[in-house]
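Please consult it alongside the sequence and the coordinates displayed here.

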Amino acid sequence: MAALGYIAAGFALCLALVLAKDHFWSFRAQSLSDYAGEAPEFDVRTSLGGVFLADGVIYDYSGRVNARFRANITGKFNETGGVLDEEFFYADKAEPQRRQWRITYTGPKIFTAEADDIVGTALGEASGNALRFTYKLRLPERLGGHVLDVVDWLYLMEDGTIVNRSDMRKFGFRAAELIAIFRRAEE
């Protein structure tokens with residue numbers, strides 16, 4: 001019996017160490033204050049306003065590329081909020097996927113957002129050249145209908161390009177990761 005207790009304690013310790021690593025020393029451990037004062041300043045109205053073309057990949061839990069996509073993204077904003085329309089074209093799917101974020105400003109660099117495939121309300125906050133966006137994404141039924149906890153970080157580059165990295169988790173374990181580059185469309 002004592003041996004079983006030691007095995008259980010060892011397993012619990014290993015799990016605690018893995019979770020501590022993710023909490024304190026990983027992508028999710030970043031803080032908005034890490035980017036305070038960095039230029040150019042990320043302002044949702046100007047940084048995401050306009051038309052963008054994006055290219056990206058989604059990695060599965062093992063780190064293998066699960067999907068490749070191109071996207072058309074259009075942002076329209078005013079003093080109180082705005083809309084960010086996304087249309088994704090996946091390499092292995094005939095039909096595009098669409099999402100419309102309905103954004104409401106709640107502070108100078110803070111906003112909430114809603115979309116049809118989002119559970120509850122998303123929260124976004126900018127600092128320096130970075131934007132953190134957290135939400136719960138419901139996958140389509142064909143993908144199991146699971147709800148994933150998502151943390152998006154968007155980093156604004158000097159030329160207006162935006163680098164997006166997203167971490168998607170289920171029960172605290174990585175389910176997927178997304179990397180995308182947004183470039184302003186030619187007028």
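Predicted model: local features only at pLDDT ≥ 70, side-chain atom pairs only at ≥ 80, totals over all residues.

Strand β8 covers residues 147–156 and strand β9 covers residues 162–170. The two run antiparallel to each other and are joined over eight bridges. Within this pairing, Y155 has V163 in β9 as its bridge partner.

The model contains 13 salt bridges. One of these joins E86 to R99, with the closest N and O atoms 3.3 Å apart. This pair connects distant parts of the chain, since E86 belongs to strand β3 (residues 81–90) and R99 to strand β4 (residues 97–107), a separation of 13 residues. E86 counts as buried because its relative accessibility is 11%, under the 20% cut-off. R99 is likewise assigned to the buried class because its relative accessible area is 12%.

R99 also forms a salt bridge with D117, and here the closest N and O atoms are 2.8 Å apart. D117 lies in the loop between β5 (110–114) and β6 (118–127), whereas R99 is in strand β4; the two are 18 residues apart and again link distant parts of the chain. Both D117 and R99 are buried.

## A further salt bridge

D167 and R174 form another salt bridge, the closest N and O atoms lying 2.8 Å apart. Are its two residues buried or exposed, or something in between? D167 is buried, because its relative accessibility is 0%. R174 is partly exposed, because its relative accessible area of 33% falls between the 20% and 50% cut-offs.

## The enclosed cavity

Rolling a probe the size of a water molecule over the atoms shows where empty space is left. One cavity of 30 Å³ or more is found in the model, and the largest cavity holds about 80 Å³ of space.

Which residues line the largest cavity? The lining consists of F42, D43, V44, R45, Y105, G107, P108, K109, I110, F111 and A126. At least two lining residues come from each of α2 (44–47), β4 and β5. By class, seven residues of this lining are nonpolar, one is polar and three are charged.

## The largest pocket

The largest pocket contains about 850 Å³ of space. Its lining comprises 43 residues, and those lying nearest the centre of the pocket are I58, Y90, L137, M168 and L178.

β1 (50–60), β2 (65–77), β3, β4, β7 (130–138), β8, β9 and β10 (173–184) each supply at least two residues. The lining of the largest pocket divides into 30 nonpolar, four polar and nine charged residues.

Notes: Residues numbered from 1 in each chain as written. Heavy atoms only, no water. Pairing = 2+ DSSP bridges. Helix = DSSP H or I, 4+ residues; strand = E, 2+ residues; numbered from the N terminus. Salt bridge = Lys/Arg side-chain N within 4 Å of Asp/Glu carboxyl O. Buried < 20%, exposed > 50% of the residue type's maximum accessible area, 1.4 Å probe, protein only. 1 Å grid on protein atoms, 1.4 Å probe; cavity = no way out; pocket = protein on both sides within 12 Å on 5 of 7 lines; lining within 4 Å. Points joined across faces, edges and corners; volume = space filled by probe spheres on them. Nonpolar A, V, L, I, M, F, W, Y, C, P; charged D, E, K, R; others polar.
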